[in-house]
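Hi,

Here is the structure I promised to pass on.

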Amino acid sequence: MVFTNEVNAALSGFIGEMAPSGTFVVADNNTARLVLPRLDALRALPAVTIPAGDDHKTLATLESVWQAMQRAGVTRRWLVVNVGGGMVTDLGGMAAATFKRGVPCVNVPTTLLGAVDAAVGGKTAVNFGGLKNEVGVFAMPAEVIISTRFFDTLPTTELRSGFAEMLKHALLDSPAATDALLDYSIEDINATPSFGRGLVDDLLPLLEQSVRLKQRIVEQDPTEQGLRRVLNLGHTVGHALESHALASGHPVPHGYAVAWGLVAELVISHIRQNGLDSALLHRFATRVRQLYGAPRVTCDDYPTLLSLMHHDKKSEAGEINCTLLGAPCSPMPGCHVSDDEVSAALDITRDLLGV
Ligand SMILES: NC(=O)c1ccc[n+]([C@@H]2O[C@H](COP(=O)([O-])OP(=O)(O)OC[C@H]3O[C@@H](n4cnc5c(N)ncnc54)[C@H](O)[C@@H]3O)[C@@H](O)[C@H]2O)c1
Ligand SMILES: [Zn+2]
């Protein structure tokens with residue numbers, strides 16, 4: 001992993017060192033327009049542009065990438081460079097891992113979510129049969145070049161959504177890491193050009209700390225046998241809120257639901273007297289309210305939310321299963337929580353978020 005805002009130099013350096021027979025670029029129509037023109041290191045190389053968005057993370061798009069690779073004459077001695085958010089690194093990573101039984105690839109994430117989550121860890125996939133990430137392989141990229149420079153064209157909702165996964169990593173890391181993020185003004189990155197440039201650069205070390213935390217966990221449990229489940233913090237309640245919002249016709253970005261889920265799961269941790277500091281909980285909830293507002297949920301929605309949590313793919317034997325936090329920020333994966341605990345936590349979360 002390389003963390004740098006000199007992406008051209010990093011890419012040229014890596015390609016020069018690896019000396020592949022050729023380099024093939026995968027981008028989507030947004031990153032082809034907004035990011036590729038900024039990457040001289042990839043100019044005039046064979047490339048494929050795929051349609052943007054998760055609806056296109058399909059076998060049909062994967063097939064179109066394989067076809068483009070075949071037309072370009074890609075072999076196992078080539079290098080594939082994926083330039084995009086999680087959709088591009090997931091699909092391009094799978095195309096590289098499967099074409100000719102595997103061509104090395106480099107990920108250049110261009111969204112905050114992609115940088116902090118999707119581009120590292122080696123999970124690749126496409127959606128299939130109506131299910132997300134149903135078909136895929138574990139395949140580590142040869143390199144990931146992480147920069148914050150491309151975030152200046154991201155919509156604010158995308159920035160905030162990715163930032164929620166950084167907040168999750170910080171909570172799993174330490175109170176100091178959490179404090180540093182709570183003080184950072186993610187909402188201002190694309191506010192004014194000069195101010196924004198400072199914030200873009202300031203984000204890089206925070207992002208590095210965040211990604212390294214994920215990397216440490218993934219290295220200890222690459223195929224998700226146990227420890228990697230701590231990365232599910234905030235997601236048991238978060239996924240339920242996300243599905244409920246979608247079903248009620250008011251979809252919310254994934255990270256917004258995760259941020260609310262983090263508050264709820266911190267509340268459960270606190271109620272259980274795991275030692276989670278109440279000052280940290282209140283500071284965290286206040287920042288979440290500023291950045292993400294509150295979920296549209298009333299007590300009448302609790303049975304639906306609980307049912308969604310019981311059926312979460314990470315729950316075991318129908319029990320609601322969460323990662324909880326002890327002090328200071330020590331994660332405990334696989335904790336069973338009762339319906340009553342979740343309902344009480346939802347009440348308190350709604351209070352904290354000002355519903
Ligand atoms: N492999 C993993 O471990 C993992 C982890 C989390 C998420 N994911 C996957 O990642 C995907 C979500 O990631 P995402 O939010 O990055 O999605 P995305 O790649 O669809 O990007 C979101 C939108 O932003 C646009 N975009 C990308 N870079 C931009 C830039 N610099 N400026 C302006 N617009 C830009 C994209 O074209 C797209 O329209 C999902 O498919 C999810 O399943 C994978
Ligand atoms: Zn997530």
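Below is what I found, going from the whole protein to the ligand and then to one residue.

Please keep in mind that this is a predicted model, where local features need pLDDT of at least 70 and side-chain atom pairs count only at pLDDT 80 or more, while totals for chains, interfaces and linings use all residues. Residues are numbered from 1 along each chain as its sequence is written, and chains are lettered from A and ligands numbered from 1 in the order in which they are written.

The protein has 13 helices and 10 strands (DSSP runs, H or I of at least four residues for helices and E of at least two for strands, numbered from the N terminus). Its radius of gyration, taken over C-alpha atoms, is 20 Å, close to the 20 Å from the globule rule for 355 residues, so it is as compact as a globular protein of that length. (That rule is 2.2 Å times the number of residues to the power 0.38.) The C-alpha atoms fill a box of roughly 60 × 45 × 40 Å along the principal axes.

Now the ligand: 29 residues surround ligand 1, and the closest are Asn30, Gly85, Gly86, Met87 and Ala118 (a residue counts if its C-beta atom, placed from the backbone, lies within 6 Å). Helix H2 (29-34), helix H4 (86-98), helix H5 (112-118) and strand S7 (131-135) each supply at least two residues of that shell.

Lastly, alanine 68 sits in helix H3 (residues 59-72). Phenylalanine 24 is 44 residues away from alanine 68 in sequence, but the two are 9.3 Å apart in space, C-alpha to C-alpha.

Cheers
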